[in-house]
Amino acid sequence: MTVAPSQSLTEHVVAVEAGAHVIGAGWLGSKAAFALADGHLLLTDGSEHTRVAAHPGGGILVSAHAGKTIVTGGDDGRVVATAADGSTRECGKEPGRWIDALASGRDGAIAWSAGKAVRTLDGKGQMRSFTAPTTAQGLAFMPKGYRLAVAHYNGVTLWFPNTDAKPDVFAWKGSHLSVTVSPDGQYAVTAMQENALHGWRLSDRKDMRMSGYPSKTRSLSWSHDGNWLATSGAEAAIVWPFDKQGPMGRAPRECGVRPVRVARVAFHPRALVLASAYDDGTILLIRLTDASELLVQDATGSPITALAWNDTGRSLAFGDEAGNGGLFTLPS
Amino acid sequence: MSDKIPVTVLTGYLGAGKTTLLNRILSEPHGKKFAVVVNEFGEVGIDNELVVGADEEVFEMNNGCICCTVRGDLIRIIDGLMKRKGQFDAIIVETTGLADPAPVAQTFFMDEDVSSKTRLDAVVTVVDAKWLTERLKDAPEAKNQVAFADVIILNKTDLVTAEELAAVEAQIRAINPYAKIHRTQRAGVDIAEVLGRNAFDLDRVLELEPAFLEEGHHHHHDEDVQSVSFTIPGDVDPAKFMPWINELVQQEGPNILRSKGILAFKGEPKRFVFQGVHMILDGDLTLDWKPGEKRQSKIVFIGRNLNREALNKAFLACAA
């Protein structure tokens with residue numbers, strides 16, 4: 001069933017020619033940053049564009065927003081932070097390897113992985129290393145304290161980089177591809193190889209299984225109040241309730257049902273509004289309270305691969321596999 | 001043909017000549033650009049190709065089946081390579097000499113992201129003419145590599161006598177009668193015989209193996225990995241065959257390394273062609289039976305501990 005959005009906001013989009021598969025997007029003040037598979041970062045406010053060769057000769061595989069920089073990990077084995085003025089700084093190097101995962105935390109801390117090697121760099125420049133039991137496929141900082149969640153085959157490990165405390169393993173069979181931690185630090189949720197999510201309530205180590213997806217979940221986004229987790233991978237944004245006792249025994253909301261799979265989701269930073277982007281390039285804004293939908297972009301034919309709100313929630317940056325980008329600004 | 005990127009999987013026991021073949025492929029003036037996935041850097045001396053390291057991480061799928069495995073590193077690498085689409089024409093995956101080819105082949109069927117963007121072109125196995133007999137005795141991996149192959153490079157033929165060569169070829173045939181064998185010295189083979197084979201493309205099964213439907217010659221060896229084939233000189237009933245083959249691979253999946261078949265379904269003008277790896281079957285109606293051509297049905301299994309009599313009886317019971 002296709003629900004026609006009640007209103008179109010497409011005239012509030014400024015197209016940005018990114019020129020290569022957009023890996024990720026983020027905001028540095030008034031400028032949007034697009035991390036591109038050709039190794040470049042495109043910084044733009046919609047009218048002026050700057051291309052930064054963050055990974056010359058290489059390609060960007062992962063990106064994250066960290067403090068006043070966008071951090072990128074490449075197939076050149078380098079981890080590079082790029083600031084709004086286009087200046088770059090190499091944060092780490094794994095010679096001859098690919099950077100598989102990247103995460104950012106408070107105070108500009110970052111973490112990256114290459115194979116089993118996991119490293120963190122805190123705001124003061126202190127580097128720590130940890131060897132995961134198998135390839136670390138997903139990383140996420142806990143919101144409270146300096147602690148990292150590492151997703152790997154057969155579970156997730158929580159690791160305190162600055163202490164000698166033994167890493168805490170939360171086991172669940174299967175391959176865990178990415179991990180996210182709820183804003184209150186109570187839940188860790190992974191996306192798995194087998195079209196399902198797995199979660200743990202960290203306080204009592206209780207398992208949660210969230211299944212029924214027709215494909216892998218690649219994108220996870222928490223609502224600003226931490227009560228909802230939106231996910232991609234189905235022909236609707238699947239939004240799980242994390243208020244009260246969590247999603248156990250409760251059904252998720254299915255928002256923005258269309259005959260095309262959701263590729264990326266991004267909750268608005270201040271309101272219960274979800275940006276839902278699809279494999280055909282369509283982007284909708286969905287208000288959770290009444291399920292009303294607004295069209296941001298019509299189908300273009302190319303899957304959306306990056307979606308990021310700015311801090312105020314006024315603007316949304318997006319990009320796709322074919323190298324098209326855009327900046328959407330909410331009408332005032 | 002789709003615009004999926006072809007992937008060639010290169011296997012072979014330690015020292016058989018894999019790297020020699022790889023270097024040969026990469027240095028020939030073919031005008032193509034490859035992304036090469038290797039286990040150790042430094043072996044490949046070609047610097048204008050995109051070379052990626054892999055660690056052969058195998059994941060069991062959580063369906064309780066021990067033979068349904070995929071290579072996690074391969075999924076990750078292909079995902080990364082696809083972001084740089086357009087920079088290469090094909091992917092070559094070199095596996096270590098001790099690797100089981102099954103998780104590699106299965107990745108191309110079981111992982112949706114991989115199967116939607118790439119296709120397995122062929123499993124190419126390099127074997128050492130002088131040492132294969134020994135390896136077949138002491139290394140189950142070597143046997144699996146021969147069993148999985150679509151193309152076998154029988155290398156180092158200059159190190160054996162004509163009789164020894166014939167004997168080793170007979171051994172290969174006992175395990176895998178349908179692979180294309182090339183006798184080589186220093187892996188000297190026309191790369192068109194190695195790349196772009198479409199051996200996993202159902203439409204090309206007959207083109208590559210024109211003798212598939214002819215009565216084969218049976219070898220009886222005491223290898224534990226063997227091939228068995230059965231023929232029905234006419235049509236089969238899909239209502240009997242489909243449930244049987246599905247149940248068979250579910251139960252015998254761990255023992256069946258490769259399976260293939262070309263079948264005449266009653267009342268169906270097109271051939272039904274299938275092939276599989278362990279429990280995973282891929283089948284479709286393909287080309288029409290030609291006018292005047294004898295409609296017949298044949299299946300082949302390559303595997304361990306296969307009960308020839310029971311399989312034959314069960315297959316014959318599917319006759320229309």
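A search of the whole structure, which is a predicted model, finds 0 disulfides over all chains.

Q: Is B:Cys68 buried or exposed?
A: In this predicted model, the class follows from the relative accessible area, for which buried means under 20%. For B:Cys68 that area is 3%, so the residue counts as buried. B:Cys318 likewise has a relative accessibility of 3%, and that cysteine too is classed as buried. The class asked for, that of B:Cys68, is buried.

Q: Which strand of chain B gives the largest share of the lining of the largest cavity?
A: The count comes to 3 cavities of 30 Å³ or more, and the largest cavity has a volume of about 70 Å³. Helix 6, strand 11 (256-264) and strand 14 (297-304) of chain B each supply at least two residues of its lining. The lining includes B:Ala147 and B:Phe148, B:Arg258, B:Ser259 and B:Lys260, and also B:Val300 and B:Ile302. The largest share, 3 residues, is that of strand 11.

Q: How many residues of the lining of the largest cavity are charged?
A: The residues that line the largest cavity include B:Asp150, B:Arg258 and B:Lys260, alongside others such as B:Asn176 and B:Tyr178. Divided by residue class, the lining holds 7 nonpolar and 2 polar residues, and the number of charged ones is 3.

Q: What does the salt bridge between A:Asp75 and B:Arg84 join?
A: The side chains of A:Asp75 and B:Arg84 meet in a salt bridge with an N to O distance of 2.5 Å. A:Asp75 lies in the loop between strand 8 (69-74) and strand 9 (78-83) of chain A, whereas B:Arg84 lies in the loop between helix 2 (72-82) and strand 6 (90-94) of chain B. A:Asp75 is buried at 16% relative accessibility, and B:Arg84 is buried at 10%. Because one partner belongs to chain A and the other to chain B, the pair joins two chains.

Q: How many residues apart in sequence are the parts that A:Arg258 and A:Asp280 tie together?
A: A:Arg258 and A:Asp280 form a salt bridge in which the closest N and O atoms are 3.0 Å apart. A:Arg258 sits in the loop between strand 24 (253-255) and strand 25 (262-267) of chain A, and A:Asp280 in the loop between strand 26 (273-278) and strand 27 (283-287), so the pair ties together parts whose separation in sequence is 22 residues.

Q: Which residue of the salt bridge between B:Asp224 and B:Arg304 is partly exposed?
A: The side chains of B:Asp224 and B:Arg304 meet in a salt bridge at 3.4 Å, N to O. B:Asp224 lies in the loop between helix 8 (205-208) and strand 10 (225-232) of chain B and B:Arg304 in strand 14, so the pair ties together parts that are 80 residues apart in sequence. B:Arg304 has a relative accessible area of 18% and is therefore buried. At 36% relative accessibility, the partly exposed residue is B:Asp224.

Q: What kind of aromatic pair do A:Phe170 and A:Trp200 form?
A: The structure holds 13 aromatic pairs over all chains. In the pair of A:Phe170 and A:Trp200 the ring centres are 6.1 Å apart and the planes stand at 65 degrees, and planes over 60 degrees apart count as edge-to-face. The pair links strand 17 (residues 168-181) and strand 19 (residues 197-201) of chain A. With both A:Phe170 and A:Trp200 buried, the kind of pair is edge-to-face.

Notes
Residues numbered from 1 in each chain as written. Chains lettered and ligands numbered in written order. Heavy atoms only, no water. Disulfide = S-S within 2.5 Å. Buried < 20%, exposed > 50% of the residue type's maximum accessible area, 1.4 Å probe, protein only. 1 Å grid on protein atoms, 1.4 Å probe; cavity = no way out; pocket = protein on both sides within 12 Å on 5 of 7 lines; lining within 4 Å. Points joined across faces, edges and corners; volume = space filled by probe spheres on them. Helix = DSSP H or I, 4+ residues; strand = E, 2+ residues; numbered from the N terminus. Nonpolar A, V, L, I, M, F, W, Y, C, P; charged D, E, K, R; others polar. Salt bridge = Lys/Arg side-chain N within 4 Å of Asp/Glu carboxyl O. Phe/Tyr/Trp six-rings, centres within 6.5 Å; stacked < 30°, edge-to-face > 60°.
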